[in-house]
Amino acid sequence: MRVKEPSKALPQKAKRSKRPTIPHDEDSSDDIAVGFTCQHVSHAISVNHVKKAIVENLWSVCLECLKERKFYDGQPVLPSDIWLCLKCGFQGCGKNSESQHSLKHFKSWRAEFHCIIISLSTWIIWCYECDEKLSTHCNKKVLAQIVDFLQKHVSKTQTNAFSRIIKLYEEKCETGEKKGRKDSSVTSVKGITNLGNTCFFNAVMQNLAQSYILTELMNEIKEHSTKLKIVPSSDSPLDPLVVELSSPGPLTSALFLFLHSMETERGPLSPKVLFNQLCQKAPGFKSFQQQDSQELLHYLLDAVRTEETKRIQAGILKAFNNPTTKTADDETRRKVKAYGREGVKMNFIDRIFIGELTSTVMCEECANISTVKDPFIDISLPIIEERV
């Protein structure tokens, strides 16, 4: 019987299992040996660097595209498919974009591993080295921890980001809009990219884009420190109150940016940023399946109305030096409540879309008449066939 000489087989085996020795990252020290093991997780994730980066930079915006300041028809080109490097917190556009800054960032680093990235819209985690999709349950606690951290801080960070992006839009477009804008208030019809069975969403947005009153009212309240004058009813002894509003919420800002783009940009638009914001409020639309347009409109208007209500209520409390139930006296609480009732009605959703249905009932015996008023967004009317 012939026996293979081990001296010839050993070098190949040693070569196959050889790995570079890389210093271990202190942020990635908790191992869970379950499922697929990516050897780069220990060296390609730094929680501290990511936390520092997301505080200093705009959220969900490609930093390189922002630096290049590419403009199309007077508007900055900001891709919506953004991936965040879990090593340093760099945010770059994905492989499907024209510039592919996320991939270029990975290739520019050879001394360190910057290969693990996460999508800020779908939360998919990808390793460029393995060319594999990773799970938060694969082999590291730190992977689940950093995803949890990003998801918890997304709303607050996005609010500030949208406010700063709005200013970026206006800085560049202020002169151009004054010169080129026509007197007509009708927005030209543009195509909207289908994100995957999202035609129900696109149909709603096409209708809202033609509601010029919506755009006009949103222009009045889009900025931080916007003044709002609350005028109590005529039978109220309270004087008018001027309150200062904070920045709009993330969904309201995303809706404004989309409607602004429908007015100024050319060619089909991607509604991904707005759709992702809506999915955070109503996760049922994340499935990319056909949905009911009327139901989506209800969710959208209700979520925006909630953001604006909180914004107005916060402005009223600020006008009274932020009173609490412990610090405020009875008179202050009464005023805050009264101004709150009137102020909530002044949000732009109520002013445009909310109607009032009056039901009047009269008693046949005593002839007493009772009236009940209910707010509504829409009324379903029966379709009656005409009989010949």
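User: Why are helices H7 and H8 called oblique to each other?

Analyst: The axes of H7 (residues 212-221) and H8 (residues 250-264) cross at roughly 125° and come within 10 Å. Oblique is what remains once under 35 degrees is roughly parallel, over 145 roughly antiparallel and 65 to 115 roughly perpendicular, so H7 and H8 are oblique. Axes are lines fitted to C-alpha atoms, for helices over the stretch in contact, with angles from 0 to 180 degrees between N-to-C directions. This is a predicted model, where local features need pLDDT of at least 70 and side-chain atom pairs 80 or more, while totals for chains, interfaces and linings use all residues. Numbering starts from 1 along each chain as its sequence is written, and side-chain values use heavy atoms, without hydrogens and water.

User: What makes the pair Lys 272 and Asp 81 a salt bridge?

Analyst: Their N to O distance is 3.9 Å, and the definition asks for a side-chain nitrogen of Lys or Arg within 4 Å of a carboxyl oxygen of Asp or Glu. Lys 272 sits in helix H9 (residues 272-281) and Asp 81 in the loop between strands E2 and E3, 191 residues apart. Helices (H or I, at least four residues) and strands (E, at least two) are DSSP runs, numbered from the N terminus.

User: Why is Asp 81 called buried?

Analyst: Its relative accessible area is 18%; buried means under 20%, exposed over 50% and partly exposed in between (1.4 Å probe, protein chains only).

User: How do you know whether Lys 227 is buried or exposed?

Analyst: Lys 227 has 56% relative accessibility, so it counts as exposed. Its salt-bridge partner Glu 244, at 3.0 Å, has 27% and therefore counts as partly exposed.
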